[in-house]
Each structure stands twice: as structure tokens, then as C-alpha cells.
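Thanks for coming. Please have the display open.

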Amino acid sequence: MNKETNNIFSQPAKSDRIIVPKKQANKELSKSLAEFVEGRVLTKRNLSEPNRSQTQSWIPTMSGLARVRERAKKDPTKSFTALMHHITPGLLKESFQNLSRRSAPGIDGTTWKAYGDSLEDHLEDLYKRLHGGGYRPRPARRVYIPKEDGTERPLSILCIEDKIVQQALVTVLNQIYEPDFLGFSYGFRPGRGQHNALDALAYGITKRKVNWVLDLDVQKFFDTVDHAWLLKMIQHRVKDRRVLSLIMRWIQVGFVDKAGKRIPQKVGVPQGAVISPLLANIYLHYVFDLWSHQWRKNASGEIIITRFADDVVLGFQHKADADSYLKDLHLRFGKFGLKLHPLKTKLIRFGRYALSQCKQLGVKGLETFTFLGFTHYCTVKQNGEFKLGRRTQRQRMAKQIKLIQKEMRRRMHSPVKEMLSWLRSVLLGHFNYYGVPGNINQLASFRDEIVKRLLKTLRRRSQRSKLTWDKFGPLTNAFLPRPKVVHEYPEARFRAKYSR
């Protein structure tokens, strides 16, 4: 790293500046159907009017944040030099309430409940240290979670105070960056979720001229984010020295290993940190979103884009555009320290005319791709029209069943009603996410597997168990929910949300 990047407050050189194109007006966006597919929420659900608490300290805070949002939206080139004063005791308290009650404690061992026992005193002390220069983030506690491909994902567990301050700063920075982020970005944004991204992708593949799908996988994205580039990107909009200092300390403080030694982090952002999703969106906004949006303007055919964090799917009308885009994307990512996974990144024939094209070419079978836990495949309706099929990803369902079975064994000697109550919440959560049209068979299979393992677990409670299906079946039917489709068809829900 050169001398310029050693100073976290240094201004980026002109040659390194990232050109930020002027944001299009909503009227211009509505003229393009491609942008309509990736549109924003309606005005009546505008996030510039957040829910306000009844506390007096909270009202001035949100009024100030609303003004920040208006300024950011009005002038996309404006830089904010004073933001820390928006982090008030009211915002810190609201941030504490927004944290998960069951989250694991950091290296200090303080839980959410323990910190809340003397909340006012703790927050008053935190506020004084934060604005007096005495606040210092602590290193994270590192745990490893197995991934579907057999590798492990490092997860950083922060202390409760670091979570509170990060949550507060995310609330402030969202007012600046939400007007900047493009419509096809869905991950970890207020008012947007996985099913919004799934609807947009399904609508684009079904209604636009998509013949090829490019499934992108960024290799170890969170572990390879370049700190110097990230700082330059943030400085386009944020020039507050204290905010920049906080962000750099959070991503560089590192973690404590098993021997109790602190390992500083020289590259990447910690997975599990509250602020990491926002930093990831900022990084990809400048590296991927703006560049891809500009690239497709010069393409020969239509291109649709759907991004949820570092999970990206693109649809192309022409294969030549897809090949050219992928070649240029490798060069673009290489400049910013990112790489595409060579095995998980793939270009496949997919879309409304894929089945007929394969018949003409003599190709048997179409490839599939996965996105946000669903395997997407091409099929047809009863009248022969194209239909986008979606089913639960097989590897993810198998992994979830194994985890549930492991928890069943731990709860094996608990009361039966207590275990059934827990399983009921597990099944409802599964159905609420995977209950999309066309996936009812997978939902039923998931429930059947859980019921079979539950019967086996209950029989193991005693060597003389006489529990039969005649006794067990009515019990599960009474307590456990039946599989059902929770979500509407993507086209209907997408048109209702983006009626413009």
C-alpha cells in the first residue's frame, strides 16, 4: 500500500477517482421497461418517512436524518462533512432495541439482556465515550460455519456496544446511500428482501427477451474487499473524519484467535458485523452496479440484472453480449481485488425460447441455476406456454434437515408438546420462505422427512416404545402445519408493487 492509502483521510488521486454518473429521474426510469423491471417502491412506501418513536429525543434525530436524505437525493454529488452529531442517545437506544435478543455475546461475554438491565447508564457512558474520543471497538470473536461446498465461512461476533454504534451509523448512512443505490440492488436494504429480488428476476426472465442467463459467484467477496478502495468510495459522499475513522477501525480491528491473540484484518470486511452489509453494497455499487448499468446501454440486445449482496444473476438476449460482458467483468473485478469463482460462475441457455432452441439444436435437457435458495428451471404450462419453475435447492434442504435432526436429538427427552411446538415454528418458517407457487411438492417432502425423523427420535426415548403410526399420525396432523403456498405469483405481486 502506498503512502497515500496509508492515511485513511487522504483524498483519492484524480486518476483513481470513480466516476459517479448523475442519477436518472424517476420519469426517465419509467420510460424504460427494463428499468421498470428493476424499479423502486412506490411513493406511498417511501423510506424517507420512517416510523418515529414517541420519545422527544428520537423526534429531532429522525427529523435531522430526513433532511440528510433530502439533501442526498437532491444532489448526488454532495459530500457530507458532519454526520456524527446525528448519533444521539435516542438513536443509540433505538439501535439497541433493533438488535437481536438472542445474538451470541462477543469477547466481553455481555449479552443483550445483561446490557439492557442498566440500559440508560450504559448508553449514557457509551454516548460520552463516542463523542469524547474514548470509544474503541473491540476485536471480534471468530467462529466458523460449514458451507454447502464443504468449506467454512468465518463469522465475526461483535461485542454488544460495537453492534449498537454500528447499527446507529448504518441508520445515518442509509439516508445518504439509499437514494444512490440502483433499482436492481436488493440485498440488505430497507424495504427490500429476498422475495423482492426473486420476483424481479422471475418477471424479467418471463417478460423480457432473455435467452441466456449468467450466474455470477464472487469468490470470497467479504474476505477480499480492498480497504483503500473502500475508503475512496465512501469519501465520494462522506467526508466526516470521525465517521471514516470509525469505519476503518471496525474493519481493521480484526478478531481474537483460540490462543487469545488479536489478529488484525488487513483486507476484507468482517462477516457478521452489523455494518458489513452496507459496506458491501457501497463497494459493489461502485465496482459492479454503476459499471454494469453503463455497460448494458451499449449492448446489442436486452440485459436484465438482479443482485442480492454478492449473489448476482444476469439475463442476456444475445450470447455475444454475455461473452463480451463476462470478459470485461473479469478485468473490472481484477482492478478492485475481486475474482469470479471459476467453477460456480456459469453461462447457460435459459428463457422462453430455450426449450424450442434446444430441440432445434438436438440438445437434451436444459441446465438450471440457483438463486437465494431456489433452483430455477424451464418448464411449460398445460397450454404449452413457457413457465419459470422454482423449487427448493436440494443441498440447502438436506442441510436444514440434518440440522433439525441434530436439534431433535438434543431435545429428545423434552416433553412431546414442547418439541412439537418447536417443530411447528420451524416448519412455519420454512413454508413462509419457500412457499412459492410450484414448490408445493418440495414443501411436502420436507415436512414428511421431518415427521419421519421425529417418530424415530421419539421411539428412541425408550427401549420399550410402542409408539405406532396410528397413534403418532393424528398427533402430528393436529400440531404440525400442512405445506401451503404463501407467496403470490411473481408477476402479480411485482405488478402490484411497481404499478408505475
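In which helix does Asp199 lie? Asp199 lies in helix α9, residues 194-207. Before going further: this is a predicted model, where local features need pLDDT of at least 70 and side-chain atom pairs count only at pLDDT 80 or more, while totals for chains, interfaces and linings use all residues. Residues are numbered from 1 along each chain as its sequence is written, and side-chain values use heavy atoms, with hydrogens and water left out.

A few terms as they come. Helices (H or I, at least four residues) and strands (E, at least two) are DSSP runs, numbered from the N terminus. Buried means under 20% relative accessible area, exposed means over 50%, and partly exposed is in between, with a 1.4 Å probe and protein chains only. Contact means heavy atoms within 4.5 Å.

Back to Asp199. Its relative accessibility is 4%, so Asp199 counts as buried. Apart from neighbours within four places in sequence, Asp199 is in contact with Arg390, Pro490, Arg493 and Phe494.

Now the whole chain. There are 20 helices and eleven strands. Of the 500 residues in the chain, 49% are buried. If you take the contacts with a separation of 6 or more, 72% of them are between residues 24 or more positions apart. The chain exposes about 25,800 Å², and carbon and sulfur atoms supply 50% of that; the areas come from the Shrake-Rupley method with a 1.4 Å probe, and for residues only the protein chains shown count as cover.

Next, the cores. A nonpolar core here is a set of buried Ala, Val, Leu, Ile, Met, Phe, Trp, Tyr and Cys residues joined through side-chain atoms within 4.5 Å. The largest one has 78 residues, and Tyr283, Phe288 and Leu314 have the most contacts inside it. Helix α13, residues 276-297, gives the largest share of this core, twelve residues. A second, separate core has 48 residues, including Ala200, Ala354, Cys378 and Leu388.

What does Leu314 touch, leaving aside its neighbours within four places in sequence? Its contacts include Trp212, Val213, Phe288 and Tyr325. Another leucine, Leu326, sits in helix α14, residues 319-335. Not counting residues up to four places away in sequence, Leu326 touches Leu214, Leu216, Leu340 and Thr345.

On to helix α11, residues 227-234. Eight of its eight residues are buried, so α11 is largely enclosed by the rest of the structure. Trp229 and Lys232 are among those buried residues. At the start of α11, a side-chain oxygen of Asp226 comes within 3.0 Å of the backbone nitrogen of Ala228.

Now the strands. Two strands pair if DSSP finds at least two bridges between them. The bridge partner of Ala140 in β4 is Phe255.

Elsewhere, β10 and β11 run antiparallel and are joined by seven bridges. Phe374 stands opposite Thr392 in β11. Five of the seven residues of β11 (residues 386-392) are buried, so that strand is largely enclosed by the rest of the structure. The hairpin of β10 and β11 has five residues between the strands, and Gly384 there takes a positive phi near 90 degrees.

Which residues other than glycine have a positive phi? Ala309 is one of them, with phi near 60 degrees. Ala309 is found in the loop between β6 (303-308) and β7 (311-316), and is buried at a relative accessible area of 8%. Leu372 is another, with phi near 55 degrees, in the loop between β9 (369-371) and β10 (374-380). Its relative accessibility is 10%, so Leu372 counts as buried.

Last, the cysteines. How many disulfides does the structure hold? It holds zero, a disulfide being a pair of cysteine sulfur atoms within 2.5 Å. For Cys358, the nearest cysteine sulfur is that of Cys378, 8.2 Å away. Cys358 counts as buried at 6% relative accessibility, and Cys159 counts as buried at 3%.

Technical notes
A polar contact is a pair of N or O atoms within 3.5 Å; within protein, one must be able to donate a hydrogen and the other to accept it, and residues adjacent in sequence count only if both atoms are side-chain atoms.
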